[in-house]
Amino acid sequence: MLSLFRFSRPPSQIVDNADVDVTPVMNVFIILIPFLVSMAVFTHHAIVEFSLPPDLGTSVGDASEKPVPRLTVRIGTDYLGIVLGERMLDSLAVGPEFPFDTLSARIRMRVAELGYDDEVIVASRDNIPFKHVVRVMDLCRQAGFKKVGLSSATADPGAAL
Amino acid sequence: MSILPQKSAPNDDTVRPQLTSLVDVMTILLVFLIKSFSSEGSLVTPAADLVLPVSTSEETPRVRSSIEITKKAVICEGRVLAGTDSLLSGDSLLVPRVYEWMKVMRQRSSDSSGSELVIQCDREIQFAAVKKIMYTCSKAGFTDFLVLVVREE
C-alpha cells in the first residue's frame, strides 16, 4: 500500500529533529551589515529658503512704487505679534515657553481673513535663538505663505522694518 | 538517505553554538539599515560642533557656497573668519574679514547659482549674529540665502 508519509515517524517529530545550518546566512549578514552601515544616512538634512528685506539686499525696488503693507510676524522675548503694515493684529505674551501653537492658529486665521498668502516677513529681535526663528518660518510656510522674508524687529512693532 | 546532516552522536564532544537568536538580531538590524540606506549619501556635512535647527522643510540640500556659524566662530571653507563673541559684541552690521573672504568667494563662482549661500547656523546662536552675517554676505554679492536644517521625521 502506498503511504503518504515516507517516514515511519509522525511529521511533528521529523521537524523537531531538523537542524538548519545558519552559518552561511551569518556570513552574508557579516558582509552586508558593514556595507549598509557605511551607506546609511541617520540624519536627513533639508534647506529653508528665505529672502532678505529690501533694505538688507543689494537691489532696492523702484522708489516711485507705493509700498504695500506686508504681514509681519514679530518674535521677541516679551511677546509674539502679527502686524499688518503698522497695525498690530495679534499679540501673544511669552511665558516660560513660546506659544507657537497659538501663533500657528492665529497666522492661519489671519491668512483666511485677509485672503493674502503671498509673502510674510519674519522679524526677530536680536536676542532670540535661531531655532525659534526657523520654527516661526516653518509655521508661516505651513499656513500657506509662498515667500518668507527674514528681517530684524524693532522695539516698536509698528515701526517700519 | 536524508538531505539534512545527521545529528552528531550524544558522546561527540563538538560544541555547536546556537546561532538562531543571533540571526534574529541580524535580521532586525538588516531591515533597519535597508530602511535608512541612501544611494546618494549626504550632500552636505555640517561641522562637528554645530547643532542645526529642526524644521519641517522637505527641500533637499544643494551643493552651494556655505558659511558656518558655530557657538565659537564663523567658519568658511575650514577657515575661521571671526569669533562669535566678537561678532555679537560689535556694533557694526558689516564684518570686514567675513566681507573680504565672501567677496573673493562670490567672484570665484560667477554663474547664477553662485549667488546662493547656505548658512549653517547653530540652533542656539542669537539672531543678531545671523543678521550680521546675512548683511555682510549680501554686501559681498550673495542674494539668495538658504538655511541648512535637520529634517523633522
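**View 1. Salt bridge between A:Lys131 and B:Glu124.** In this predicted model, the side chains of A:Lys131 and B:Glu124 form a salt bridge with an N to O distance of 2.8 Å. Two salt bridges are counted between chain A and chain B. Polar contacts link 18 residue pairs across the two chains, both members of each pair being at pLDDT 80 or more.

**View 2. Elements of chain A on the side that touches chain B.** Two or more residues each come from α2 (23–39), β1 (45–50), α4 (130–142) and β6 (147–152) of chain A. The greatest contribution is that of α2(A), with 10 residues. Classified by residue type, this side of chain A comprises 26 nonpolar, 11 polar and seven charged residues.

**View 3. Strand pairing between β1(A) and β6(B).** β1(A) runs antiparallel to strand β6 of chain B (residues 144–151), and six bridges join the pair. Within this pairing, A:Ile47 has B:Leu148 of β6(B) as its bridge partner.

**View 4. Extent of the interface between chain A and chain B.** Contacts involve 44 residues of chain A and 55 residues of chain B. The two chains bury about 4,600 Å² between them, and carbon and sulfur atoms account for 68% of this area. Of the area that chain A buries against chain B, 18% is supplied by A:His45, A:Ile47 and A:Phe130, more than by any other three residues. One of these three, A:Ile47, is also the bridge partner of B:Leu148.

Terms used: Residues numbered from 1 in each chain as written. Chains lettered and ligands numbered in written order. Predicted model: local features only at pLDDT ≥ 70, side-chain atom pairs only at ≥ 80, totals over all residues. Heavy atoms only, no water. Contact = heavy atoms within 4.5 Å. Buried area = accessible area lost by both parts, 1.4 Å probe. Salt bridge = Lys/Arg side-chain N within 4 Å of Asp/Glu carboxyl O. Polar contact = N/O pair within 3.5 Å; in protein donor to acceptor, adjacent residues only side chain to side chain. Helix = DSSP H or I, 4+ residues; strand = E, 2+ residues; numbered from the N terminus. Nonpolar A, V, L, I, M, F, W, Y, C, P; charged D, E, K, R; others polar. Pairing = 2+ DSSP bridges.
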